[in-house]
Amino acid sequence: MAERKILHVDLDAFFASVEQLDDPSFKGKPIIVGSSSKRGVVATCSYEARKYGVHSAMSGLIAKKLCPNGIFVKPRMDRYVEISKEVFRILHEVTEHIERVSIDEAYLDVTYSDRSPCIIASWINASVKKRIGITISVGISYNKFLAKLASDWNKPDGIFEILPNDVPNILKPLNITKVHGLGKKTAVRLNSIGIFTISDLLQCDRQTLSYFLGKLRSDEIYNRIRGIDNRPLNLKTSRKSYGRETTFEEDIRSKPIIKEVLLQYLFELAFKLVKTNKSAKTVTIKIKFEDFSQITRSHSLLSYTNNLQILEEAMIHLVDNLTINKKIRLVGISLSNIVDHKNYQLSMFD
Ligand code: TTP
Ligand code: MG
């Protein structure tokens with residue numbers, strides 16, 4: 001099997017960065033998202049506030065003491081979700097092999113891309129900056145553990161690659177709390193027997209590790225600190241839609257031609273649904289005109305399906321309702337609202 005090429009992306013000071021984006025007077029200032037009240041908690045803060053020792057999950061009161069000039073802002077979850085979606089849209093332009101970890105964090109498998117992982121990382125970083133206006137850090141390596149470590153290396157706005165030969169030197173001096181999967185309590189127990197760094201942990205035999213971590217976890221950690229992590233990407237939660245699109249060279253305005261192209265794509269997408277044992281409920285078509293204006297039209301079916309004929313009827317209905325008076329540059333179609341076919345059948349019988 002070819003060595004994998006995994007990227008880990010994580011937005012910088014995410015909620016605080018969005019606040020600085022929406023209110024330019026916040027730029028360069030210590031922004032603390034959360035409340036400074038007695039029971040308030042810090043969700044996150046800008047890097048300007050981190051210099052004072054403020055961090056996520058800290059009491060707002062303490063944050064206020066550490067950073068008296070800090071500007072406290074209430075979280076606006078809807079807005080963060082909106083920006084997160086825009087970021088994931090950019091990521092989906094790179095690959096469909098995405099594991100969404102959280103609102104601001106994801107793994108991408110770019111093993112089979114024709115661009116190098118470094119080029120892709122730079123492209124993601126630049127695109128998020130240019131199209132959205134916030135910064136994202138990207139880590140590159142050959143497994144999830146190392147890619148995540150790498151994205152944290154040059155934060156904020158950093159790109160870092162961990163190559164196989166660098167692994168021992170990079171890992172050894174690190175604090176054991178950096179080992180993904182090794183909890184805080186376990187770290188304290190290991191500290192009590194003099195284990196602080198990964199270098200210390202590398203001296204432990206499997207039996208000792210098993211005593212502290214349990215059999216299952218200890219095998220995983222034993223490998224991880226040696227740079228081995230075969231965990232696959234968990235694609236389930238991220239596969240929100242299946243889509244295809246194409247750009248035209250010549251002037252296309254004819255609805256029959258659009259239908260023909262989209263039907264071809266729909267055929268592929270329906271096949272993909274069947275192959276992955278899934279069903280979809282929403283059909284969306286996208287049209288981009290020569291002046292780069294864009295429209296999308298969606299139709300939600302009454303129930304989930306992977307039946308080509310039903311999906312085709314929805315697509316035809318959408319195309320028939322379009323008004324086309326400009327040259328078309330691009331047409332696309334996607335299926336969303338995707339569920340496991342099996343689960344759906346079960347719920348039907350329920
Ligand atoms: P993180 O990625 O952990 O933090 P961050 O993006 O603010 O900072 P950075 O990645 O540059 O270190 O979390 C993403 C968002 O999730 C964060 O902006 C706010 C929210 N969050 C909380 O609400 N509470 C928490 O305890 C943490 C850790 C994050
Ligand atoms: Mg982040």
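A polar contact is a pair of N or O atoms within 3.5 Å; within protein, one atom must be able to donate a hydrogen and the other to accept it, and residues adjacent in sequence count only if both atoms are side-chain atoms. The model is predicted: local features need pLDDT of at least 70, side-chain atom pairs count only at pLDDT 80 or more, and totals for chains, interfaces and linings use all residues. Residues are numbered from 1 along each chain as its sequence is written, chains are lettered from A and ligands numbered from 1 in the order written, and side-chain values use heavy atoms, with hydrogens and water left out.

Ligand 1 has oxygen atoms in several such contacts. A backbone N or O atom of F14 lies 3.0 Å from one ligand oxygen atom. For F15, a polar backbone atom is 3.0 Å from an oxygen atom of ligand 1. D10 contributes a polar side-chain atom, 3.0 Å from a ligand oxygen atom. The protein covers 67% of the 560 Å² of accessible area (Shrake-Rupley method, 1.4 Å probe) that ligand 1 has on its own.

The shell around ligand 1 holds 14 residues (a heavy atom within 4 Å). A13, T44, Y47, R50 and D104 come nearest. Two or more residues come from each of β1 (6–11), α1 (14–22), β3 (42–45) and α2 (47–50); helices (H or I, at least four residues) and strands (E, at least two) are DSSP runs, numbered from the N terminus.

Two backbone features stand out. Most residues other than glycine have a negative phi, and most peptide bonds are trans. A13, in the loop between β1 and α1, has a positive phi near 35 degrees. K155 and P156 are joined by a cis peptide bond, with omega about -5 degrees. P156 lies in the loop between α6 (144–153) and β8 (159–161).
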